[in-house]
Amino acid sequence: MRKQTTTDTVPLASHVSARDGYELWLGYRPVQPAEHLVAYRELLREIAVPGDSPTLAAVRAELQRGLTGLLDRPVDVGRGRLRHAGLLAGTRQTSSQIAAFDWDEQIAAQGPEGCLIRSVVGDVSPVDGEPAIVIAAQSELGVLYGCFHFLRLLQTHQPLAGLAVAERPRIQLRLLDHWDNLDGSIERGYAGKSLWKWEELPGTLDPRYRDYARACASIGINGAVLNNVSADPRILRADYLEKVAALADVLRPYGIKVYLSVNFVSPLQPSGASDRLRGEGGIGSLNTADPLDPDVGRWWSEKANEIYRHIPDFGGFLVKASSEGMPGPPDYGRTHAEGANMLARALAPHGGIVMWRAFVYDADTDADRAKRAYKEFMPLDGQFDDNVFVQVKNGPVDFQPREPIHPLFGAMPRTPLMMEFQITQEYLGQAIHLVYLAPLWKEVLNFDTFAQGEGSTVTRVIDGSLHGYPMTGIAGVANVGFDRNWCGHHFAQANWYAFGRLAWDHDLSSEVIAEEWIRATLTNDDGAVATIRDMMMGSWEACVNYMTPLGLHHIMREGHHYGPALEYDAGREDWNPQYYHRADATGLGFDRSSSGSNAVAQYYPPVRDLFDNADWNSPRATCPEKYLLWFHHVPWDDEMRSGRTLWDELAWRYYHGVEYVSRMLESWVALKPHIDPQRYEEVLRKLSTQEAHAIEWPRVCLAYFQDFSRRPIPVDIPRGVIHEAEAAMVEPPDAIT
Ligand code: GCU
């Protein structure tokens, strides 16, 4: 029998922790300076959250914890009416005081997950003219989101007078995709083992599950795919479904639905069932997984029924099919749509959805890997069932430090496309490098596809406003693991945070999100906040510069994807680095222009033309420099916008990127008085390693490219600080896999 717990009674695991990062942005340090504290205490004399549900219990627990910390005094959260100046939270069903307000229309306008936060005074106040703050929502989940928002206002020292907040998410499904394996390892995970202790479930529930749920809910995440996209069929076995159900029970009060990645050949008999397929076979008794075979459809329907008996609000399936060795419908001569629809029909009676990934490529058949997904999926537009998303990575290759947008965005008006971002820093320095990813995501979201004329941004594709998608979604490949600080690097927490905040409201700026995170997590000292924010804001561009400037890509070591690799490697299973960089005596870069692979033709005309302009020596050149070597093979002596030659610009960018890391390190050292000792030291160590590893990039890459360019490394590049870093050079740890 599973241990039953309620949100009101479970000891909250993070309560005992010091400043070791466990508390994430929910540390709720006492408000300083004193004038804010006095004002908040004065206003928040009483807190009332009437109602009995698990979600409202979670609201009370969070407010009690948060306000006790922030106000630096014990706070009780009542279940009755509000009687004095204070905070009241609920729905019109749970609070008669809220029902008495004439706010129904405005509450309804915020939708099922939105909320209002308002200051009420004088006649309107429910407490005899004393000031009150009211958090009102249509649903209890909206109340929970409102409370987290309110706590964030305090954490960031906002004034509470005259509050008139109206919050609602802009995208319906805001998911974390965990690439967690059943053996506890995490694919592309850099923060220890999986959070999910499959061997202990369902009997024992680690208190961390609840803290994970709190963290997710605090930033509006409302779903979690629990297991790796390269899915082990066993996840659908009855014993695992019990475990999944136990997790779902913990996450439910926080509005987080669970989803599973499924293996397309799950209905097959275990191992060896089919000689046509790679992989281990399935968990069923069939000898085919052909999506058009009635037995296969029946198998999935029965499996869906079984899942929903365990988890009535189960979200649905994520599927990686015909990708990197995973089986899929093409193995049976069927299309992706036929495969996705068969699963969709099994889930539809229960309200579940399918997220079918478009990450397909094949070294044997693709002359230009970047073109494949568009070629396979675009023609299928309109053929998917209503409850199917096609989930698309932000770029056409694979979560590189920088990629142009994926050409499918805008190209499938009749198929809801779900964005897949990667929060875990597979190609961006993993848990060693400080790289704040919000600017990357904003660059992608703000990109104008011109699919329906100017203003057809990627944002408008995925929030449904461009094509009128009936359902909308965004997913981030999670960076959390069992490490004490969840993400391996304290600053990687900011990426988890930023993903959630952007999924909720893509209009938020990277700066605002960074500042919220810093104030809630590290310090509220204005000067320190500005310094840290500035470090973060340039960190992604710096990483692009010291790893893959000017549109270079996929020149990381094979397998673990950490550190540079440019040489031909006969042992490589897929493409060699030269496939991507194409360095030769004439120049550098992959020609995807109309005279090359013509990948540019997959974009809408103005974008296609923008990327295509290959006449790089002419003033009419339009290809943004940041994508130059992605789309063009450019002669070494061509002049860049800076006036430098390609070769000199390359060297300049490489070293400029490294120099930025050196400056982050210097800034961090100066921040010592503002940061608690443990986190200060841990980040300092990471930054030192980052600096040492960053310098390896120009060293290796320029030395290699120089064999082709036959030009000297320019002398005026910013290498002053770098010699120290070179002196401290260390090898990347073996542990990075
Ligand atoms: C990348 C990554 C793999 C992952 C794959 C995917 O290729 O390196 O580990 O499985 O993406 O997104 O499916």
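Let me start at Arg357, where an N or O atom in the side chain sits 2.6 Å from an oxygen atom of the ligand, and please keep in mind throughout that we are looking at a predicted model.

Which residues come nearest to the ligand? Of the 13 around it, they are Glu187, Lys320, Arg357, Lys393 and Glu426, and the shell as a whole, sorted by class, consists of eight charged, three nonpolar and two polar residues.

Let me turn now to Ser510, which belongs to helix α14, spanning residues 510–521. Ser510 counts as buried because its relative accessibility is 6%, and the cut-off for buried is under 20%. Setting aside neighbours within four places in sequence, the contacts of Ser510 are Tyr436, Ala438, Pro439, Lys442 and Met537.

Finally, a word on confidence. The protein chain has an average pLDDT of 93, and 93% of the residues score at least 70. However, pLDDT stays under 50 over residues 1–17, where the model has 38 contacts beyond four places in sequence, and it also stays under 50 over residues 721–737, with 30 such contacts. Where pLDDT is low, the predicted coordinates should not be read in detail.

Conventions
Residues numbered from 1 in each chain as written. Predicted model: local features only at pLDDT ≥ 70, side-chain atom pairs only at ≥ 80, totals over all residues. Heavy atoms only, no water. Near = heavy atom within 4 Å. Polar contact = N/O pair within 3.5 Å; in protein donor to acceptor, adjacent residues only side chain to side chain. Nonpolar A, V, L, I, M, F, W, Y, C, P; charged D, E, K, R; others polar. Helix = DSSP H or I, 4+ residues; strand = E, 2+ residues; numbered from the N terminus. Buried < 20%, exposed > 50% of the residue type's maximum accessible area, 1.4 Å probe, protein only. Contact = heavy atoms within 4.5 Å. pLDDT = per-residue confidence, 0-100.
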